[in-house]
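Here are my notes for a colleague opening this model for the first time. Please read them with the structure on screen.

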Amino acid sequence: MPTAFQKELVTLAHRLADLSDLVASALEEATRSILESDHTLGGRAREQAGAAAALGVACEDQACALLALHAPPEADVKTVVAAVHIAADLTRMGGLAEEVAEAPVPLEVRPALERLGRHAVAAARALRDVLLGRDGTALGAAVAAAGAAEREVRQWVDGRAWPSGAGVAVDLGLLAASYGRFAATAAWAGRQATGFVPAGPQYA
């Protein structure tokens, strides 16, 4: 029978999975906001990013409480510390989604940005599955696809002349980098999850 500590770990895993889903939704809304020039969607993305920040703090607090209340052995301490790192990573991903919601985007590059956003969102949703103990193959594939889409956007930017100044080019480069960091952070959190996720089909 699972101990109280193990049961709380499972609860924490599910909260982190919910956090991953929340940051995925935030980035999805942020991407739609810049593709459709819809400030309402941007506001919704910022609200979701704020909710993600609050949930991230709650997850970190729960992890610290596990250490304080149960005084687990060293192996379990490492497991809880991994959960803290994952919560921090996911909170950063929410912040990146909020940055995306602010960006103006030329019409010509929007198809490439749509692909970049779609793959980055898929990475966060695949991370959710990893945190629930499911197969993580889709996470690596989504991160690789996001990397390829980021390079596509950068190549588009580099292949254009900017007679009115390089400001737009710089902004697009920073935007692509935000998506890239989002996907890369999901990959890093997935690696951390290998030392955290409670094992067993009952958690899926």
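**Notes on the model**

1. Glu29 and Arg32 form a salt bridge, with 3.5 Å between their closest N and O atoms; a salt bridge here is a side-chain nitrogen of Lys or Arg within 4 Å of a carboxyl oxygen of Asp or Glu. Both residues lie in helix H1, three residues apart, which is about one turn of the helix. Glu29 counts as buried at 12% relative accessibility, while Arg32 is partly exposed at 35%. Buried means under 20% relative accessible area, exposed means over 50%, and partly exposed is in between (1.4 Å probe, protein chains only). Glu29 and Arg32 also belong to a network of salt bridges with Glu36 and Arg44.

2. On the basis of these notes: this is a predicted model, in which local features need pLDDT of at least 70 and side-chain atom pairs count only at pLDDT 80 or more, whereas totals for chains, interfaces and linings use all residues. Residues are numbered from 1 along each chain as its sequence is written, and side-chain values use heavy atoms, with hydrogens and water left out.

3. How many salt bridges does a search of the whole structure find? The search finds 12. One of them joins the side chains of Asp21 and Arg125, at 3.3 Å from N to O. Asp21 is in helix H1 (residues 4-36) and Arg125 is in helix H4 (residues 110-131), so this pair ties together parts that are 104 residues apart in sequence. Helices are DSSP runs (H or I, at least four residues), numbered from the N terminus. Asp21 is partly exposed, with a relative accessible area of 29%, and Arg125 is partly exposed with a value of 29%.

4. Arg118 is partly exposed at 42%, and Glu114 is partly exposed at 31%.

5. The largest nonpolar core has 65 residues. Such a core is a set of buried Ala, Val, Leu, Ile, Met, Phe, Trp, Tyr and Cys residues joined through side-chain atoms within 4.5 Å. The residues with the most contacts inside it are Leu16, Leu90, Leu113, Leu131, Tyr179 and Phe196. H1 gives the most to this core, with 14 residues. Leaving aside residues up to four places away in sequence, Leu90 touches Leu16, Leu19, Ser20, Val23, Leu127 and Leu131; a contact means heavy atoms within 4.5 Å.

6. Ser37 is found in the loop between H1 and H2. Its phi is near 50°, a positive value in a residue other than glycine.

7. A search of the whole structure finds zero disulfides, a disulfide being a pair of cysteine sulfur atoms within 2.5 Å. The sulfur of Cys59 is 11 Å from the closest cysteine sulfur, in Cys64, too far for a bond. Cys59 is buried, with a relative accessible area of 1%, whereas Cys64 is partly exposed at 44%.

8. The mean pLDDT of the protein chain is 88, and 94% of its residues reach 70 or more; pLDDT is the predictor's confidence in each residue, from 0 to 100. Over residues 199-204 the pLDDT is below 50, and this stretch has six contacts in the model beyond near neighbours in sequence. Where pLDDT is low, the predicted coordinates should not be read in detail.

Technical notes: Helix = DSSP H or I, 4+ residues; strand = E, 2+ residues; numbered from the N terminus.
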